[in-house]
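Please keep the model open while reading them.

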Amino acid sequence: MPQDHQPVSFRRRQFVEAAITVISREGVARATTRRIAEVAELPTASLHYCFATKEDLFHAVYEAITAARFAGVGERIQQEVGLHQGVADILRSFMKWFQSSRDMQLASYELTMWSLRSSDSQHLARRVYRRYLDNCAQLLREVRTEEELDVDIENLSGLLVGVTNGLVLQWLSFDNSEEGISTDKCVKMVQNALSTLKYEAGMAG
């Protein structure tokens, strides 16, 4: 099919992928529509046809990264294995996916900082982070057993997301080396916290 007649959905994916490349390697400041179109090897007018504003494109990038993250993690998770095993599986799966998608991680952090600094776009970071927490909570609900229904899943999700974010920043800071990854220690920390959450839930009951 000639390049000019590709469907809009295909073009949008091309621009999202190009935006991830530009943002991760050159930063948000360099991620102009012209530069993104250049990396995509497509006309700038085509980008404006696919996305009304650059914010719309950045939101699509956020959405693509979040969707890819949970698709990659979710397929490795077994249901109803219990939270003790489940949090270990989820955390290790997150780290495996992060290590295979360095550009996406850098783009995600760049966009978060840009969003928080922009009064008109702060809602993007909040919306995406809320989705991150909700999706993580859903994974936890899938791995828990009937005996664990009283565990505070929202609190556990927040802890797990915080730990994974910290691990990724360490990994990126240590230039992708094993020195920046302490997944097993973090797994034990979250499992210990899980025991506390179970105890507190029992006391509350």
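1. Helices are DSSP runs of H or I with at least four residues, and they are numbered from the N terminus. The structure discussed here is a predicted model.

2. The largest pocket comes next. About 220 Å³ of space lies in the largest pocket. Two or more residues of the lining come from each of the elements α4 (54-74), α6 (102-117), α7 (122-143) and α8 (153-173). Of these, α6 gives the most to the lining, with 5 residues.

3. What kinds of residue line the largest pocket? The lining divides into 9 nonpolar, 5 polar and 1 charged. The lining has 15 residues, and those nearest the centre of the pocket are Ser-108, Thr-112, Tyr-129, Tyr-132 and Asn-165.

4. The side chain of Tyr-132 is buried, with a relative accessible area of 4%. Tyr-132 forms an aromatic pair with Phe-70, and the geometry is edge-to-face, with 5.6 Å from centre to centre and 75° between the planes. Phe-70 lies in helix α4 and Tyr-132 in helix α7, so this pair ties together parts that are 62 residues apart in sequence. Phe-70 is buried too, at a relative accessible area of 10%; residues count as buried under 20%.

5. The charged end of Arg-69 sits over the ring of Tyr-132, 4.5 Å from the ring centre.

6. How many aromatic pairs does a search of the whole structure find? The search finds 7 aromatic pairs. Besides the pair already described, there is one between Trp-97 and Phe-98: the ring centres are 5.9 Å apart and the planes are at 65°, so this pair is edge-to-face. Both Trp-97 and Phe-98 are buried. One aromatic cluster is formed by Phe-70, Phe-94, Trp-97, Phe-98, Tyr-129 and Tyr-132.

7. The salt bridges form a separate topic. A search of the whole structure finds 9 salt bridges. One of them joins Arg-92 to Asp-184, with the closest N and O atoms 3.1 Å apart. Arg-92 lies in helix α5 (residues 83-99) and Asp-184 in helix α9 (residues 183-204), so the pair ties together parts that are 92 residues apart in sequence. Arg-92 is partly exposed, at 34% relative accessibility, and Asp-184 is partly exposed with a relative accessible area of 46%.

8. Asp-134 and Arg-130 meet in a salt bridge of 3.0 Å, N to O. Both residues lie in helix α7, 4 residues apart, which is about one turn of the helix. Asp-134 counts as partly exposed, at 34% relative accessibility, and Arg-130 is partly exposed with a relative accessible area of 40%.

9. Helix α2 gives another case. Glu-38 forms a salt bridge with Arg-35, and the closest N and O atoms are 2.9 Å apart. The two residues are 3 residues apart in helix α2 (residues 33-40), a separation of about one helical turn. Is each residue buried, partly exposed or exposed? Glu-38 is exposed, with a relative accessible area of 51%, whereas Arg-35 counts as partly exposed at 22%. Glu-38 and Arg-35 also belong to a network of salt bridges that links them with Glu-26 and Arg-30.

Key
Residues numbered from 1 in each chain as written. Predicted model: local features only at pLDDT ≥ 70, side-chain atom pairs only at ≥ 80, totals over all residues. Heavy atoms only, no water. 1 Å grid on protein atoms, 1.4 Å probe; cavity = no way out; pocket = protein on both sides within 12 Å on 5 of 7 lines; lining within 4 Å. Points joined across faces, edges and corners; volume = space filled by probe spheres on them. Nonpolar A, V, L, I, M, F, W, Y, C, P; charged D, E, K, R; others polar. Phe/Tyr/Trp six-rings, centres within 6.5 Å; stacked < 30°, edge-to-face > 60°. Buried < 20%, exposed > 50% of the residue type's maximum accessible area, 1.4 Å probe, protein only. Lys NZ or Arg CZ within 6 Å of the ring centre and 35° of its normal. Salt bridge = Lys/Arg side-chain N within 4 Å of Asp/Glu carboxyl O.
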